[in-house]
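Dear colleague,

I am handing over the structure we spoke of, and it is placed just below. My notes on what was found in it follow after that.

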Amino acid sequence: MINTNGVLAVMDHHITINWDDGPTMHRIAAQLRYHTAESATLRTARVNASQRYSDDPLSFMTTGDGLRASWIWQERGPGWTAQLAVTNEGEDDVYLDALDVIRIDYAFGGLFNLGAPPGRWRVRLEDVRGLLVAPGGGDAPAEHGDPAAGWELWSPATLTATGFIRRRCLIVQPVASNRTRPPAVMIRALDDDSQPSSARTEIQLEVSGERFERLSARYRTEGMLLGAGVSVASPEFWVVSGDDAEELNGLVSDE
């Protein structure tokens, strides 16, 4: 069942989403990485919920180094979407390396709680096209998980020892938790026919067996030139929770 009892709030200059009897995503921020023509040294700018400039949609703005970043959250269906847009307001060219639209860092007090330690988490498999593998099928390599079940399990002896990476859609759910039913979270990059950028999206969940480390939903701009006065926007990432991974996978955005 989809969990419709979620609340999005601004807390401690960040976004927090909490679902009743479900997950908690605390101290959500955004981040952009870029460099200039004069230096290939990577620069990082954090974007949080300190400076609100709109309530509908809920939007926040950060400026610095000639760049204006707009972080936009909107309620959509049973969840929310997040998007990050950047405008070069300076006179010099800037090269964008990545836009982290959703970012939770344990090192900065972030929390991603599913009611169970990450050693009990599992993530739905994707095939080579970035589509989720259905239980009982798919072409994901066996050494990366259990394609027959459609899931990749955390294990200290495999590639999941440091976490999971998905191209377009991440659905994570523990095998057991202290909630009434193990809660699942879906983060999905929404397709946009006018901006075919889903091939550049990436959702990365970094964990150890005992601790959550980091969650990033990003648009990999990979050195994209952003000239003076030019803007670029990431795809929207949709966040929804429930206790049935198949139901989450079958959701359609009400755009």
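Please keep in mind throughout that this is a predicted model. The mean pLDDT of the protein chain is 89, and 87% of its residues reach 70 or more. The exception I would point out is the stretch of residues 138–145, where the pLDDT is below 50, although in the model this stretch still has 14 contacts beyond near neighbours in sequence.

As to the overall make-up, the protein chain holds 1 helix and 20 strands, and 49% of its 255 residues count as buried. When contacts between residues at least 6 apart in sequence are considered, 61% of them join residues at least 24 apart. The accessible surface of the chain comes to about 11500 Å², and carbon and sulfur atoms account for 48% of that area.

Strand S15, which spans residues 184–189, is mostly covered, with 6 of its 6 residues buried. Ala-184, Met-186 and Arg-188 point one way from this strand, whereas Val-185, Ile-187 and Ala-189 point the other way, and all of them are buried. S15 pairs in the antiparallel sense with strand S14 (residues 169–174) over 4 bridges, and in that pairing Leu-170 stands opposite Ile-187. S15 is also joined to strand S20 (residues 237–242), again in antiparallel fashion, by 6 bridges, with Met-186 standing opposite Val-240.

Two single residues were also examined. Arg-103 is found in strand S9, which covers residues 94–105, and because its relative accessible area is 12%, under the 20% cut-off, Arg-103 counts as buried. Its side chain makes a polar contact of 3.4 Å with the side chain of Ser-216.

With best regards

How values were computed:
Residues are numbered from 1 along each chain as its sequence is written. This is a predicted model: local features need pLDDT of at least 70, side-chain atom pairs count only at pLDDT 80 or more; totals for chains, interfaces and linings use all residues. Side-chain values use heavy atoms; hydrogens and water are left out. Helices (H or I, at least four residues) and strands (E, at least two) are DSSP runs, numbered from the N terminus. Buried means under 20% relative accessible area, exposed over 50%, partly exposed in between (1.4 Å probe, protein chains only). A polar contact is a pair of N or O atoms within 3.5 Å; within protein, one must be able to donate a hydrogen and the other to accept it, and residues adjacent in sequence count only if both atoms are side-chain atoms. pLDDT is the predictor's confidence in each residue, from 0 to 100. Contact means heavy atoms within 4.5 Å. Two strands pair if DSSP finds at least two bridges between them. Accessible areas come from the Shrake-Rupley method with a 1.4 Å probe; for residues, only the protein chains shown count as cover.
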